[in-house]
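Work through the exercises below with the structure open. Try each task before you read its solution.

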Amino acid sequence: MGHDHDHHHAHSSADAEIRAKALESLLIEKGLISTDVIDEIVRQYEEDIGPMNGARVVARAWSDPSYKKWLLEDGTAAIADMGYSGKEGAKMVVLENSPSTHNVVVCTLCSCYPWPVLGLPPNWYKSYAYRSRVVREPRKVLSEFGLELDESVEVRVWDSNSEIRYLVLPERPEGTDGLSADELTKLVSRDSMIGVAKL
Ligand code: FE
């Protein structure tokens with residue numbers, strides 16, 4: 001697996017992290033904000049606000065075959081059509097799961113993640129254990145997430161980098177034929193768009 005990594009972004013994101021920590025300390029010291037509030041904001045960006053964008057993309061693809069085709073051919077343009085683009089998501093590639101193929105995303109060298117569609121990466125995504133193990137033993141790691149895949153399913157692991165960010169298009173759950181795009185959006189989990197869960 002080729003991983004042509006540009007480490008400028010890792011450096012600038014470390015700087016940003018230091019600045020954010022300094023700002024956080026100052027706000028807490030001045031009594032303007034509590035650590036609980038900060039934790040809650042971060043949680044929302046990891047779990048709700050961020051992944052909601054990706055969920056809207058997935059729901060539209062499930063509802064509209066021509067959009068799905070466009071999304072798989074040119075993820076960047078089709079996602080930008082929903083209003084999601086920019087930093088840490090300038091070039092997007094969408095990977096379609098099927099009964100025979102399961103895609104899962106990692107960044108082996110740092111924590112590259114598609115911010116415009118998924119928000120901030122969860123801590124486990126940034127962990128050395130996930131980054132190193134999901135490449136070597138993807139089935140075992142997925143089973144630890146509660147996802148047992150049949151031996152017949154091909155597992156593909158995609159290594160993100162500063163150029164390309166991936167979004168997994170999970171399979172549409174059965175029994176959802178009558179649902180609107182809004183209703184479908186609520187079914188799409190963050191983890192299913194990273195590829196560590198099915199729906
Ligand atoms: Fe990276």
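**Exercise 1.** Does serine 100 count as buried, partly exposed or exposed?

*Solution.* Start with the ground rules. This is a predicted model, in which local features need pLDDT of at least 70 and side-chain atom pairs count only at pLDDT 80 or more, while totals for chains, interfaces and linings use all residues. Residues are numbered from 1 along each chain as its sequence is written, and side-chain values use heavy atoms, with hydrogens and water left out.

Next, the scale. Buried means under 20% relative accessible area, exposed means over 50%, and partly exposed lies in between (1.4 Å probe, protein chains only). Serine 100 has 44% relative accessibility, so it counts as partly exposed.

Now place serine 100. It sits in the loop between E1 and E2. Helices (H or I, at least four residues) and strands (E, at least two) are DSSP runs, numbered from the N terminus. Leaving aside neighbours within four places in sequence, serine 100 is in contact (heavy atoms within 4.5 Å) with Ser152, Val153 and Glu154. From serine 100 to leucine 27 the C-alpha distance is 50 Å, at a sequence separation of 73 residues.

**Exercise 2.** Classify threonine 101 as buried or exposed, and list its contacts.

*Solution.* Threonine 101 belongs to strand E2. Its relative accessibility is 11%, so it is buried. Beyond four places in sequence, its contacts are Val153, Glu154 and Arg156.

**Exercise 3.** Describe how H3 and H4 pack.

*Solution.* Two quantities are needed: packed helices are described by the angle between their axes and the distance between the axes. Axes are lines fitted to C-alpha atoms, for helices over the stretch in contact, and angles run from 0 to 180 degrees between N-to-C directions.

- Helix H3 (residues 49-63) and helix H4 (residues 65-73) pack at about 125°, with axes 5 Å apart.
- Angles under 35 degrees count as roughly parallel, over 145 as roughly antiparallel, 65 to 115 as roughly perpendicular and the rest as oblique.
- H3 and H4 are therefore oblique.
- From H3 come Val57, Arg60, Ala61 and Ser63; from H4 come Pro65, Tyr67, Lys68 and Leu71.
- The residues of this contact divide into five nonpolar, one polar and two charged. Here Ala, Val, Leu, Ile, Met, Phe, Trp, Tyr, Cys and Pro count as nonpolar, Asp, Glu, Lys and Arg as charged, and the others, Gly among them, as polar.

Serine 63 is partly exposed, at 39% relative accessible area. Leaving aside neighbours within four places in sequence, serine 63 is in contact with Arg172, Ala181 and Leu184.

**Exercise 4.** Which way do the residues of E4 point, and how does E4 pair with E1?

*Solution.* Take burial first. In strand E4 (residues 165-169), five of five residues are buried. Arg165, Leu167 and Leu169 point one way, Tyr166 and Val168 the other. E1 and E4 pair in the parallel sense over five bridges; pairing requires at least two DSSP bridges between the strands. Glutamate 96 stands opposite leucine 169 in E4.

**Exercise 5.** Which residues touch the most other members of the largest nonpolar core?

*Solution.* A nonpolar core is a set of buried Ala, Val, Leu, Ile, Met, Phe, Trp, Tyr and Cys residues joined through side-chain atoms within 4.5 Å. The largest has 42 residues, and Val57, Leu71, Ile79, Val104, Val117, Tyr130 and Leu167 touch the most other members. H3 supplies the largest share, six residues. Not counting residues up to four places away in sequence, leucine 167 touches partners including Val57, Ile79, Val117 and Met193.
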